[in-house]
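Reader: Hello! Could you walk me through this structure and tell me what stands behind the words used for it?

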Amino acid sequence: MNTKINLAGIEMKNPVTVAAGTFGYGREYSQFFDLGRLGAIITKGTSLKPKNGNKPTRVCETPSGMLNSIGLQNPGVEYFAQNDLPFLRKYDTKIIVNACGSSVEEYVELCKILNTLDIDGVELNLSCPNVKEGCMAFGNTYDGVKKVTSEVRKVLDKPLIVKLTPNVTDIARNSKSSRRCWSRWSVINKYIIRNENRHTQKTTSTCKYNRRTIRTSNKTSSS
Ligand SMILES: Cc1cc2nc3c(=O)[nH]c(=O)nc-3n(C[C@H](O)[C@H](O)[C@H](O)COP(=O)(O)O)c2cc1C
C-alpha cells in the first residue's frame, strides 16, 4: 500500500510522526522501537543556547490526562547538530526540528544554523514567551505570528511548519498570518489548563512556558 504523503514539502514514507517534546531526540525510544518505521521524527523544542528548563516537578498525572511544565529544557542547537542529528540520521526517517526562541532575533539566528544542517524541515514553536513583550507567547497575536514567520522565512530555505498556540480567540486568523508568510502548514500546541480541586475548592491555572503556577482562591461549586 502506498502510504507516502507530502507534508509542507517534506516527502514522508507514511504520515506517522511524533509530537515535539514527547519523544526527546529518539534515543530512549530507539531501545524499544525501530525509529525507521516513522514517517518523520519531530524533535523536542531546540533553542539557540542550552536551556535548563523548569525545576521539577515538570510532569503530573491527573485523572483526565497529564499536566506538564517543562520550560523548554534542551541541550541547544550546537549539541543537537554534533550529537543527536548524526544519531537520528542513521534511521530512514525525516527529521523536523522544533525550533524555540525568546525573541525574533533568537528564532532567526537559530534558523540560520538549522538551514545549514542536514535536516528535512523546521517546526516553529510559537508558544514560547516573547521576553521583550511581557512574556506573552509569540503565537498569541496575528502580528507576533507574522513577525517571527516572515523573518525566519528570509533565512530558511527548508520546509516550514508553524505551530500555533490554541489559547487564542481566533486561531484561524493566526493561521492565515503564518500562511501569508510562506509557511505551508500550521499545527497547534497544547492547552493551558484550569484545574478545579473539589476538596480545597481552589482553582489552579498552569501556564506551561513561564513556570508560573497561578493559584487563586476562587470558590467552585463542588458537587
Ligand atoms: C512533556 C511534553 C513536552 C512537550 N514539549 C514540546 C516542545 O518542546 N515543543 C512543542 O512545540 N510542543 C511540545 N509539546 C506539545 C506537544 O508536541 C503537542 O503539541 C501537545 O501535547 C498537544 O498534542 P496532544 O493533544 O496530542 O497532547 C510537549 C508536550 C508534552 C506533553
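Predicted model: local features only at pLDDT ≥ 70, side-chain atom pairs only at ≥ 80, totals over all residues.

Reader: Why are α3 and α4 called roughly parallel?
Author: Angles under 35 degrees count as roughly parallel. The angle here is about 30°, and therefore α3 and α4 are roughly parallel to each other.

Reader: Which residues of α3 and α4 make the contact?
Author: On α3 they include Val 104, Tyr 107 and Val 108, and on α4 they include Lys 147, Val 148 and Glu 151. Two residues are in contact if their C-beta atoms, placed from the backbone, lie within 7 Å. By class, this contact has seven nonpolar, one polar and three charged residues.

Reader: What surrounds the ligand?
Author: 14 residues do, and the closest are Ala 19, Ala 20, Gly 21, Gly 45 and Asn 125. The shell divides into four nonpolar, seven polar and three charged residues. Gly counts as polar and Ala as nonpolar.

Reader: How many of the chain's residues are buried, as a percentage?
Author: Buried residues make up 34% of the 223 residues in the chain. A residue is buried if 20 or more other C-beta atoms lie within 10 Å of its own, with C-beta atoms placed from the backbone.

How values were computed
Residues numbered from 1 in each chain as written. Near = placed C-beta within 6 Å. Axes fitted to C-alpha atoms, helices over the stretch in contact; angles between N-to-C directions. Helix = DSSP H or I, 4+ residues; strand = E, 2+ residues; numbered from the N terminus. Parallel < 35°, antiparallel > 145°, perpendicular 65-115°, else oblique. Buried ≥ 20, exposed ≤ 12 C-beta atoms within 10 Å, placed from the backbone.
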